[in-house]
Amino acid sequence: MTSNKIIERSITILNRLGLHARPASRFAQTASLFKSDIWLIKNGKSVDGKSILEVLTISCPSGTQLTIRAKGPDAKEAVEALEELVAKRFGEID
Amino acid sequence: MEILKGIAASPGIAIGEIFLLNAKKIKTVKRKIDKNSIKGEQERFKSAVSRIEKQLKRLIDELPKEIKEHSSILQSHILMLRDKMVYDRTLELIEDETINAEWALDKAMSQIKALFATVKDAYIRERLEDISFVINKVKAALTGAETRLDLSSLKRPAIVVANNLSPADTLHMRKENCLGFVTELGSRTSHTAILAKSLGIPAVVGVENITSSCLSGETLILDALKGKVIVEPDEETLKTYEAKQKNYIKYRLEVISNSNLPAETKDGYRIKVKANMELVEEIPIIIQHGAEGVGLFRTEFLYITSKALPTEEELFKTYKEVVERLRPYPVTIRTLDIGGDKLASGICHENEMNPALGLRAIRLCLREQGLFRAQLRAILRASAYGDLRLLFPMVSGKTELVEVKALLRDIMDELEREGHGFNKDIKIGIMIEVPSAVLVADILAREVDFFSIGTNDLIQYSLAIDRINEAVSHLYEPLHPGVLKMIKLAVDAGHKAGIEVGMCGEMAGEPIYIPILLGIGLDELSMNAMAIPKIKKVIRLSQQEDCFQFVSELLSLDSAKLVREKALTFFRDNYPQDMETIDFMEVGLSI
């Protein structure tokens, strides 16, 4: 029953430089670990969270508010992992 | 001799023989294929991608420890290689349009280019370059060409000249005899430039037509301080640069070993030199560059970045860490200095006609007492762990100060009742940045333990110039006689009341202003940590007696233009050698 569940969570980009190359790549990398489809949504525009190129092109400076949406068997885990990644500023010192 | 201009990407000076890398441009053969070949063509593409992927992975494994952190750049290249816009899209195009892999890859690339063209952020747009590197490598693999940078014929030390170098190419260079490199493409923030910096390889990028302007074996001067390259220099130029190179090496060694020498003039005046800071992560750099503490700890960051207002506990934890890590050095912490509109939590959302003259800094804090109390409580609690001093921004007269002090006393009583430790005698100071504060500095000086002059705002408010406004920004002049008089008034008033007066604006970190600030008699200068070694050096070369004389002459001049001219002459006459080293710093040399 859980296989098509959609989970959404709002996040704020905290890194000083925003979602630049390294964070975008860590985001896509982490998203790719999950089976669920994952989207990143900004102002109604949604991109594939597993594609580093798409994540890069939505251009998110520090303070940007986004929504993570996941649909699939591990949607909950995926959203939680990504949320933590963002909260920890992608493990960057900036 | 030919001089070409470019962008200094990684500082240094190199002189040597040219090693020209001829970029063999891979021509894309565009070919229609028949339906039966689709599978085969897709396999050919897949195996080319695998080869490049393996190569990148091997390169990551081989990275020496010191530059391991840069493996993330190569990791992101691998991700791009497998990105659906590259990988899946190419496979699709091969099938849907029955075209060969090279053509399909080209088409996928143009689509990515179109998408990136819509991105506003220049830094992100530049990542398109990384995608090109990756795609070109796959194209080379498809045609069976060499996909690694071939430096095998580079047997002697040389300067590499190329159209462009990928980060992977740059990493290959470390093992070879590479004195430096020049490329036609690239920018200061390209990954290749970032890598060159951390590998310590001098580099100039963005030099148009360099590959067609020189030959292997010719001599090249690479001036990666000024972003210049000189092909086949004449005898005289060569001599000048050999001397420059020697000076530069000497200077770097000196900066490292002398940053901890005191900032004392020849005639024994000791001025305190401190750093401005914003983030905890800056502390190692601050200590390395010889700061005697932090003269301005900006606290806005935690308020701008989090959605909700930071809690007292969060603030306390951060402030405590800063104080403890910098102990025994003093830390001067400035309370929140922004307007309500900048707060991520958006407590006040009034649109102001004139935010610089609006509800900000101390005015906002006095109105939003809940916010201010939390910060003051956190600061006071952190004061138990080291030498923490309090600095209030934008005070314009005594009334605000009386109000702030009453609030502070109230909070101290509260903390005492709750049993929290704090420094009861915490030093309290104000920023001198509003012209009225200068004019009543004698009154304010009796109420506080120190002054800190914020030149950026003081100049903006005194001259009524918005520096961001291009139409008037040329009128922003720190050496305006009115500004100098303001600074002097504040310093004299402070000294008369027996308190110290420091400066924490940009002016304090510029060598040219140092003789003036010494002559006015400032007690402390606080600046960007990177500037500290050179400012200390300028101070050590100064004679305060001469500066007094010089300042009294400056104050008699009647225009900003005359003051600036005189200041430049004085600097040239008294610090001849250092004008040269200051040039080095202007390119953002970091050690």
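In the predicted model, 19 residues of chain A are in contact with 22 residues of chain B, contact meaning that C-beta atoms placed from the backbone lie within 7 Å. On the side of chain A that touches chain B, two elements give two or more residues each: α1 and α2 (52-57) of chain A. That side has 7 nonpolar, 9 polar and 3 charged residues. Here Ala, Val, Leu, Ile, Met, Phe, Trp, Tyr, Cys and Pro count as nonpolar, Asp, Glu, Lys and Arg as charged, and the others, Gly among them, as polar. Helices (H or I, at least four residues) and strands (E, at least two) are DSSP runs, numbered from the N terminus.

Residues are numbered from 1 along each chain as its sequence is written, while chains are lettered from A and ligands numbered from 1 in the order in which they are written. Since the model is predicted, local features need pLDDT of at least 70 and side-chain atom pairs count only at pLDDT 80 or more, whereas totals for chains, interfaces and linings use all residues.

Helix α1(A) also packs within its own chain. Helix α1 (residues 21-31) of chain A meets helix α3 (residues 75-87) of chain A at an angle of about 160°, with the axes 10 Å apart. Axes are lines fitted to C-alpha atoms, for helices over the stretch in contact, and angles run from 0 to 180 degrees between N-to-C directions. The two helices α1(A) and α3(A) are therefore roughly antiparallel. Angles under 35 degrees count as roughly parallel, over 145 as roughly antiparallel, 65 to 115 as roughly perpendicular and the rest as oblique. The crossing of α1(A) and α3(A) is right-handed, that is, the near helix is turned clockwise from the far one by less than a right angle. From α1(A), the residues R26(A), F27(A), T30(A) and A31(A) meet A78(A), A81(A), L82(A) and L85(A) of α3(A). This contact of α1(A) with α3(A) comprises 6 nonpolar, 1 polar and 1 charged residues.

Burial in α1(A) involves P23(A), A24(A), S25(A), R26(A), F27(A), A28(A) and A31(A). A residue is buried if 20 or more other C-beta atoms lie within 10 Å of its own, exposed if 12 or fewer, and partly exposed in between. The cover over these buried residues of α1(A) includes β2 (37-42), α2 and α3 of chain A, together with α2 (71-82) of chain B.

Chain B holds 25 helices and 16 strands. Of its 591 residues, 41% are buried. Among contacts in chain B between residues at least 6 apart in sequence, 70% join residues at least 24 apart.

A closed barrel of 8 strands, paired in parallel, runs β9-β10-β11-β12-β13-β14-β15-β16 in chain B. The twist from one strand to the next averages 30°. Strands β9 (residues 272-277) and β16 (residues 524-528) of chain B run parallel and are joined by 5 bridges; strands pair if DSSP finds at least two bridges between them. Within this pair, A275(B) has M527(B) in β16(B) as its bridge partner. Helix α13 (residues 312-326) of chain B packs on the sheet and touches β10 (294-297), β11 (331-334) and β12 (388-392) of chain B. The direction of α13(B) makes about 160° with that of β11(B).

The loop between β15 (500-503) and α21 (514-520) of chain B contains G505(B). This residue, G505(B), is buried, with 25 other C-beta atoms within 10 Å. Leaving out residues up to four places away in sequence, G505(B) touches I453(B), G454(B), T455(B) and N456(B).

Strand β8 (residues 228-231) of chain B has an antiparallel pairing with β1 (residues 2-5) of chain B over 4 bridges. In this pairing L4(B) stands opposite V229(B). Strand β7 (residues 219-223) of chain B also pairs with β8(B) in the antiparallel sense over 4 bridges, and L220(B) stands opposite V231(B). The hairpin of β7(B) and β8(B) has 4 residues between its strands, and G227(B) takes a positive phi near 70°.

Helices α15 (residues 369-382) and α16 (residues 398-418) of chain B cross at roughly 60°, their axes coming within 10 Å. They are therefore oblique to each other. The crossing of α15(B) and α16(B) is right-handed.

How values were computed. Contact = placed C-beta atoms within 7 Å.
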